[in-house]
Each structure stands twice: as structure tokens, then as C-alpha cells.
Amino acid sequence: MIVIRDLSVSYGSTRHGRFAVRGVSFSFGTGISFGLSGQSGSGKSTVLHSIAGLIGHWEGTIEIDEQLQYRKRKPTFYRHVQLLFQDSNSALHPRHMVETSLAEPAIIHNLEDVDLRVGAALENVGLEDNIRYRYPHQLSGGQRQRVALARALILEPKVLLLDEPTAGLDMLAQAGIIKLLNDLRHRNNLSYLLVSHDIAVITELCDWVGIMQSGHLVDVQRTARLLAGVNGLAPYTQKLVDAASSYISSHAGTKSSVL
Ligand code: ADP
Ligand code: MG
């Protein structure tokens, strides 16, 4: 269970005033995928980074599996909560072979059978075992993102925090990562908190969505409701859904599996 109460973050001054995120509250249970969507600059990544422990200057309450989180996180946090960001290059050292990047977290956490774990992690994300001998620049964007995911999974986390995990990938690679993330969640009973500006990605990957606008959480909905075209969505949510569906219908055939 993840509980966020009254989360506020200030970077000094932003476009929307002092707070990049103001009074955000939401919660979701184990095995659930909760999405955060909204325009660029609305504060989605700031929420995710606060939960990830990458930002220290947040105010409010962050609770993960009944553990209150403080600025300094316990070592177990770094095992149970893993991150996957848009730019997999930031997770993978350019001069390290895939094998080295995958082994590193296992070694840091004193796990046994590192070599077996590396093999299993590659298999888990649908990559051939010989990928372990490649360097990041020898992989496609989709393969790199799979390696970054394997690196996150090697510690057998419970929670994945994902920031625009499919942005920057071509349509086929994006579809592959979406399917993989869905499979992995169900296979391992993972909880996801997933940030995407793309409502279509959110509806593919999430059970619930929170909509951010200018640092505030303005709506929380079941994604099934967005797909069903029901009345009663907050006006801003409706606007995002309409924009996404008109984009998709005008690109019919290139992105037919979503919305
Ligand atoms: P989103 O992920 O929804 O695009 P962000 O959380 O990245 O939004 O940004 C929210 C607001 O905070 C924006 O106005 C952005 O310019 C500002 N911001 C984000 N990161 C920083 C930072 N490190 N320093 C100063 N301002 C920041
Ligand atoms: Mg962002």
C-alpha cells in the first residue's frame, strides 16, 4: 500500500508560483498500477522523485507498505522500490557491459548467485542471454529499456516507479515495453506508480489515474472510466481524454491498440 498525503514540493520559484507540487494526496494498494498524467510541467515527475527519495525537500506524508518515509531512506527501501526512467542511458553506464550493469545492484546488496540472477533477469525481460556481453550503444532503444528494467528487477522489488517509461521509443518498441510491463506486474504482483503525459499509455498500463494540473491533483479516476466515455469526469480530465482520442483517430492504424 502506498499512501501519499498532502505532498508539497517547492524549488524556490516556478511558473506556478512557489510550489511545483501542492497538497497532493492519493493512495493505492499492493499489485495496483496507479498512473499520474497531465501536461508537461504539471508536477508529475516531482511527485515521483519525492517518493523515490531523489528530492529531499518535500513536505507531507509518504508511506510505503506501512513504513513512513523520511528524507533519508532505509537500505531496504532501495531494494524494494526501484526506478525506471525514460532515458535508460542514465541507468546504464556507457562503458559497462550489460552483464556488469546487471550484476552491480546484486553485488551491492550482497546477493548470492549473481551470474544466475543476471541470466534470469535477461530472460524475464525477453532478451537473449548473449546480450549480456554488449555495451549500451550496441543495443536498440527498446533493448536498452529492457536492460534498464532487468536491472531494476534483479533485486526483486515490490514497487516500481516509472517516469515516462516508453517515451522516446518507436511505436513497436513502445508496444513491446507496455506488454512486458503488464506481464511483469501480473507475474510478480508488483505495484506501479507510473508517470506519463500520454493518456493512451496510462490506459494501457494503469488501473487508476490521477490527473495533475499546475502542481495540483485535480482528479482521480479508474482508467476503465476514461475508456468507457462516461460523463462525470473532471473538465480537465475530459479535455485530456478528448485530445488523446482525436490524436489517435487521426493516426488510425499506427496506434490502434490503445484507447
Ligand atoms: P512534469 O513531470 O509534469 O513535466 P515536473 O515535476 O518536472 O513536471 O515540473 C513541475 C514544475 O517544477 C515545473 O514548473 C518545473 O519547471 C519545475 N521544476 C522541476 N524540476 C525542477 C528543478 N530541479 N529545479 C527547479 N524547478 C524545477
Ligand atoms: Mg516529467
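1. Basis of the note. The model is predicted, with local features requiring pLDDT of at least 70 and side-chain atom pairs counting only at pLDDT 80 or more, while totals for chains, interfaces and linings use all residues. Residues are numbered from 1 along each chain as its sequence is written, chains are lettered from A and ligands numbered from 1 in the order in which they are written, and side-chain values use heavy atoms, with hydrogens and water left out.

2. Shell around ligand 1. Ligand 1 is surrounded by 11 residues, the closest being G41, G43, K44, S45 and T46, where a residue counts as near if one of its heavy atoms lies within 4 Å. Helix 1 (44–52) and strand 1 (2–14) each supply at least two residues of this shell, and helix 1 gives the most, with three; helices (H or I, at least four residues) and strands (E, at least two) are DSSP runs numbered from the N terminus. By class, the shell holds eight polar, two nonpolar and one charged residue, with Ala, Val, Leu, Ile, Met, Phe, Trp, Tyr, Cys and Pro taken as nonpolar, Asp, Glu, Lys and Arg as charged, and the others, Gly among them, as polar.

3. Polar contacts of ligand 1. Under a limit of 3.5 Å between N or O atoms, a polar side-chain atom of K44 lies 2.8 Å from an oxygen atom of the ligand, and a polar backbone atom of G43 is 3.1 Å from an oxygen atom of ligand 1. A nitrogen atom of ligand 1 is 3.4 Å from an N or O atom in the side chain of Y11. The protein buries 63% of the 560 Å² that ligand 1 exposes when taken alone, these areas coming from the Shrake-Rupley method with a 1.4 Å probe.

4. Largest pocket. The volume of the largest pocket is about 480 Å³, a pocket being an open set of points on a 1 Å grid over the protein atoms alone where a 1.4 Å probe fits, with protein on both sides within 12 Å along at least five of seven lines, and lining residues having an atom within 4 Å of a point. Its lining has 23 residues, with Q82, L83, A91, R151 and A152 nearest the centre, and strand 6 gives the most, with five residues.

5. Strand pairing. Strand 9 (residues 208–213) pairs with strand 10 (residues 216–222) in the antiparallel sense over six bridges, and with strand 3 (residues 33–38) in the parallel sense over five bridges, pairing requiring at least two DSSP bridges. M212 stands opposite L217 in strand 10 and is also the bridge partner of G38.

Notes. Grid points are joined across faces, edges and corners, and a volume is the space filled by probe spheres set on the points. A polar contact is a pair of N or O atoms within 3.5 Å; within protein, one must be able to donate a hydrogen and the other to accept it, and residues adjacent in sequence count only if both atoms are side-chain atoms.
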